[in-house]
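Please keep the sequence and the 3D view at hand while reading.

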Amino acid sequence: MQIEQNGKIVPLEGEKVDIGTSTESFVVVYNKSGEVIDSTGIHNGQVPKLPDGVLQGTVDGEKTIFTWEPVENVRIAAVVVSSGKYGYVLSGRALADTEYNLNKLTYILLITYVLLLVGITVVAVVLHKKQ
(Lines give C-alpha, C1' and ligand atoms only; values in the text may rest on other atoms or scores of the structure.)
Protein backbone atom coordinates (compact mmCIF):
# COMPACT_ATOMS: atom_id res chain seq x y z
CA MET A 1 0.00 0.00 0.00
CA GLN A 2 1.32 3.40 -0.94
CA ILE A 3 0.33 6.37 1.23
CA GLU A 4 2.12 9.12 -0.63
CA GLN A 5 2.89 9.84 -4.26
CA ASN A 6 4.52 13.13 -5.29
CA GLY A 7 3.75 14.62 -1.87
CA LYS A 8 0.04 13.82 -1.98
CA ILE A 9 -2.01 11.19 -0.15
CA VAL A 10 -3.02 8.36 -2.49
CA PRO A 11 -6.59 7.02 -2.06
CA LEU A 12 -6.86 3.41 -0.93
CA GLU A 13 -7.62 0.93 -3.68
CA GLY A 14 -10.08 -1.91 -3.58
CA GLU A 15 -13.69 -2.44 -2.69
CA LYS A 16 -15.21 -1.29 0.58
CA VAL A 17 -15.60 -4.04 3.15
CA ASP A 18 -18.67 -4.11 5.40
CA ILE A 19 -17.13 -5.12 8.71
CA GLY A 20 -20.53 -6.20 10.03
CA THR A 21 -20.93 -8.99 7.49
CA SER A 22 -17.52 -9.70 5.94
CA THR A 23 -14.44 -11.47 7.25
CA GLU A 24 -12.20 -9.75 4.68
CA SER A 25 -9.39 -7.56 5.98
CA PHE A 26 -9.63 -3.79 5.74
CA VAL A 27 -7.41 -0.72 6.12
CA VAL A 28 -8.07 2.69 7.65
CA VAL A 29 -5.69 5.65 7.35
CA TYR A 30 -5.88 8.39 10.02
CA ASN A 31 -4.14 11.75 10.13
CA LYS A 32 -2.08 12.81 13.18
CA SER A 33 -5.25 14.26 14.76
CA GLY A 34 -7.00 10.90 14.52
CA GLU A 35 -9.39 11.91 11.74
CA VAL A 36 -10.08 9.36 9.01
CA ILE A 37 -8.32 10.13 5.71
CA ASP A 38 -9.50 7.03 3.87
CA SER A 39 -10.83 3.56 4.65
CA THR A 40 -11.74 0.30 2.98
CA GLY A 41 -13.68 -0.82 6.09
CA ILE A 42 -17.17 0.55 6.72
CA HIS A 43 -20.37 -0.32 8.55
CA ASN A 44 -23.68 1.33 7.66
CA GLY A 45 -21.76 3.70 5.40
CA GLN A 46 -19.41 4.92 8.12
CA VAL A 47 -15.92 4.08 9.31
CA PRO A 48 -16.08 2.41 12.74
CA LYS A 49 -14.89 4.55 15.67
CA LEU A 50 -11.75 3.38 17.43
CA PRO A 51 -11.62 3.10 21.21
CA ASP A 52 -10.24 6.24 22.85
CA GLY A 53 -6.47 6.35 23.23
CA VAL A 54 -5.54 3.71 20.64
CA LEU A 55 -3.93 6.12 18.20
CA GLN A 56 -2.39 8.30 20.91
CA GLY A 57 -0.82 5.20 22.46
CA THR A 58 0.86 4.18 19.21
CA VAL A 59 4.45 5.40 19.09
CA ASP A 60 6.51 5.93 15.91
CA GLY A 61 8.24 2.70 14.90
CA GLU A 62 5.99 0.57 17.12
CA LYS A 63 2.67 -1.16 16.61
CA THR A 64 -0.41 -1.47 18.77
CA ILE A 65 -2.23 -4.80 18.57
CA PHE A 66 -5.74 -5.00 20.00
CA THR A 67 -9.25 -6.34 19.56
CA TRP A 68 -12.36 -4.25 19.68
CA GLU A 69 -16.09 -4.49 19.15
CA PRO A 70 -17.11 -1.53 16.96
CA VAL A 71 -20.53 -3.06 16.28
CA GLU A 72 -22.50 -5.35 18.57
CA ASN A 73 -21.45 -9.00 18.07
CA VAL A 74 -18.63 -8.05 15.67
CA ARG A 75 -15.14 -8.37 17.11
CA ILE A 76 -12.16 -7.08 15.16
CA ALA A 77 -8.48 -8.02 15.50
CA ALA A 78 -6.44 -4.98 14.52
CA VAL A 79 -2.93 -3.57 14.28
CA VAL A 80 -2.15 0.15 14.22
CA VAL A 81 1.20 1.55 13.17
CA SER A 82 2.36 5.14 13.06
CA SER A 83 3.15 6.21 9.51
CA GLY A 84 5.42 9.06 10.47
CA LYS A 85 4.37 12.49 9.29
CA TYR A 86 1.00 11.33 7.91
CA GLY A 87 -0.58 9.75 10.96
CA TYR A 88 -1.60 6.16 11.47
CA VAL A 89 -2.53 3.07 9.46
CA LEU A 90 -4.87 0.44 10.89
CA SER A 91 -5.33 -3.02 9.43
CA GLY A 92 -8.15 -5.14 10.79
CA ARG A 93 -10.18 -8.27 10.24
CA ALA A 94 -13.31 -9.70 11.83
CA LEU A 95 -12.77 -12.59 14.23
CA ALA A 96 -15.96 -14.44 13.23
CA ASP A 97 -14.10 -17.35 11.57
CA THR A 98 -11.68 -17.65 14.47
CA GLU A 99 -14.47 -17.59 17.04
CA TYR A 100 -16.44 -20.19 15.06
CA ASN A 101 -13.43 -22.51 14.88
CA LEU A 102 -12.71 -22.03 18.58
CA ASN A 103 -16.32 -22.90 19.47
CA LYS A 104 -16.17 -25.98 17.23
CA LEU A 105 -12.93 -27.10 18.88
CA THR A 106 -14.47 -26.58 22.33
CA TYR A 107 -17.41 -28.86 21.44
CA ILE A 108 -15.07 -31.52 20.04
CA LEU A 109 -12.98 -31.46 23.22
CA LEU A 110 -16.11 -31.63 25.39
CA ILE A 111 -17.47 -34.63 23.48
CA THR A 112 -14.07 -36.33 23.65
CA TYR A 113 -13.91 -35.73 27.40
CA VAL A 114 -17.42 -37.16 27.96
CA LEU A 115 -16.65 -40.22 25.80
CA LEU A 116 -13.40 -40.75 27.69
CA LEU A 117 -15.24 -40.62 31.03
CA VAL A 118 -17.86 -43.08 29.76
CA GLY A 119 -15.11 -45.40 28.50
CA ILE A 120 -13.23 -45.29 31.81
CA THR A 121 -16.46 -45.93 33.71
CA VAL A 122 -17.32 -48.95 31.53
CA VAL A 123 -13.83 -50.39 31.96
CA ALA A 124 -13.99 -49.85 35.74
CA VAL A 125 -17.40 -51.54 35.98
CA VAL A 126 -16.25 -54.52 33.87
CA LEU A 127 -13.06 -54.95 35.93
CA HIS A 128 -15.00 -54.61 39.16
CA LYS A 129 -17.49 -57.34 38.11
CA LYS A 130 -14.61 -59.74 37.25
CA GLN A 131 -13.35 -59.59 40.82
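The side chains of lysine 32 and aspartate 60 meet in a salt bridge, with 3.8 Å from N to O; a salt bridge here is a side-chain nitrogen of Lys or Arg within 4 Å of a carboxyl oxygen of Asp or Glu. Lysine 32 lies in the loop between strand 4 and strand 5, and aspartate 60 lies in the loop between strand 6 (41–42) and strand 7, so the pair ties together parts that are 28 residues apart in sequence. Strands (E, at least two residues) and helices (H or I, at least four) are DSSP runs, numbered from the N terminus.

The model is predicted, so local features need pLDDT of at least 70 and side-chain atom pairs count only at pLDDT 80 or more, while totals for chains, interfaces and linings use all residues. Residues are numbered from 1 along each chain as its sequence is written, and side-chain values use heavy atoms, with hydrogens and water left out.

**Salt bridges**

| Lysine | Aspartate | N to O distance |
|---|---|---|
| Lysine 16 | Aspartate 38 | 3.7 Å |
| Lysine 32 | Aspartate 60 | 3.8 Å |
| Lysine 49 | Aspartate 52 | 3.2 Å |

The pair of lysine 16, in the loop between strand 2 (8–9) and strand 3 (17–18), and aspartate 38, in strand 5, links distant parts of the chain, 22 residues apart. Buried means under 20% relative accessible area, exposed means over 50%, and partly exposed lies in between (1.4 Å probe, protein chains only). By this scale lysine 16 is partly exposed, at 47%, whereas aspartate 38 counts as buried, at 18%. Lysine 32 counts as partly exposed, at 42%, and aspartate 60 also counts as partly exposed, at 49%. Lysine 49 counts as exposed, at 62%, and aspartate 52 counts as exposed as well, at 71%.

**The hairpin**

Strand 4 (residues 26–30) and strand 5 (residues 36–39) run antiparallel and are joined by three bridges; two strands pair if DSSP finds at least two bridges between them. Valine 29 stands opposite aspartate 38 of strand 5. Five residues lie between the two strands of this hairpin, in which glycine 34 takes a positive phi near 90°.

**The nonpolar core**

A nonpolar core is a set of buried Ala, Val, Leu, Ile, Met, Phe, Trp, Tyr and Cys residues joined through side-chain atoms within 4.5 Å. The largest one has 18 residues, of which Phe26, Leu50, Phe66, Trp68, Ile76 and Leu90 touch the most other members. Strand 4, strand 7 (63–71), strand 8 (74–82) and strand 9 (88–94) are the elements that give two or more residues to this core, and its largest share, four residues, comes from strand 8.

Tryptophan 68 has its place in strand 7 and is buried, with a relative accessible area of 7%. Leaving aside neighbours within four places in sequence, tryptophan 68 is in contact (heavy atoms within 4.5 Å) with residues including Phe26, Leu50, Ile76 and Leu90. Phenylalanine 26, for its part, touches Val17, Ile19 and Trp68, among others, not counting residues up to four places away in sequence.
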